[in-house]
Amino acid sequence: VVVGSRAWMKEESKATRTLLRTFLMHAFHMFVSFLVSRNINDTQCGFKLFNPVSKRGGIEGLHLRRWAFDVEVVVRCEMQGYTMKEVPVKWQEIEGSKLTEEGFLGLVKNGVGMLRDMICVRLCYVTGG
């Protein structure tokens, strides 16, 4: 499984972000590292490439449907022993991001929802809850 990453912040993948988006990104990465995976730095990039076998085991039958579904994909792929590799990608923040459509309160609401989803993934997959 190949996962696109903005976290490397190498020259070829460096992104321009607002201060708020940078803070939220670092907070999210901290929670991902603590609750989900220490192997993938940027679960939310959106770029994922699967072979047919890892597609079946990684994305078919997901439970999460919103922003944090990527963390469920990572957990499922890791638990099934699929090799995962991050590759740097070019990325640029654009106006009209879906996360910021609802303003600051929308960001907080979506952030809390993503944290809730990560906790659920941790409980359901890692501890068998």
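With that, I read the protein chain along its sequence as β-α-β-α-α-β-α. I noted 4 helices and 3 strands in the protein chain.

**Ground rules.** I am working on a predicted model, where local features need pLDDT of at least 70, side-chain atom pairs count only at pLDDT 80 or more, and totals for chains, interfaces and linings use all residues. I number residues from 1 along each chain as its sequence is written, and side-chain values use heavy atoms, with hydrogens and water left out.

**Whole chain.** I looked up burial, where buried means under 20% relative accessible area, exposed over 50%, and partly exposed in between (1.4 Å probe, protein chains only). Of the 129 residues of the protein chain, 38% count as buried. I then took the accessible surface, by the Shrake-Rupley method with a 1.4 Å probe. For the protein chain this surface comes to about 8,000 Å², and 61% of it belongs to carbon and sulfur atoms. Next I looked at contacts (heavy atoms within 4.5 Å). Among contacts with a separation of 6 or more, 74% are between residues 24 or more positions apart.

**Sheet.** I counted two strands as paired if DSSP finds at least two bridges between them. The 3 strands form an open sheet, ordered S2-S1-S3, with mixed pairing. Strand S2 (48-49) and strand S3 (85-88) are the edges, each pairing on one side only. How many bridges join S1 to S3? I found 4, and these two strands run parallel. In this pair Val3 stands opposite Glu86 in S3. Strand S1 (residues 2-5) pairs with S2 in the antiparallel sense, over 2 bridges. There Val2 stands opposite Leu49 in S2.

**Helix H3.** I checked its cover next. In H3 (residues 69-79), 8 of the 11 residues are buried. They are Asp70, Val71, Glu72, Val73, Val74, Val75, Arg76 and Cys77. What covers them? I found that the cover includes helix H1 (19-35), S2, helix H2 (52-59) and helix H4 (103-126). After H3 comes Gly81, with a positive phi near 80°.

**Helix pairs.** For axes I used lines fitted to C-alpha atoms, for helices over the stretch in contact, with angles from 0 to 180 degrees between N-to-C directions. Angles under 35 degrees count as roughly parallel, over 145 as roughly antiparallel, 65 to 115 as roughly perpendicular and the rest as oblique.

The H2 and H3 axes come within 8 Å and cross at roughly 120°. H2 and H3 are therefore oblique to each other. Which residues meet here? Arg56, Gly57, Gly58 and Ile59 in H2 meet Val73, Arg76 and Cys77 in H3.

The H1 and H4 axes come within 10 Å and cross at roughly 10°. That makes H1 roughly parallel to H4. On the H1 side I listed Leu20, Leu24, Phe28, Phe31, Val32, Phe34 and Leu35. Facing them in H4 are Phe104, Leu107, Met114, Leu115, Met118, Ile119 and Arg122.
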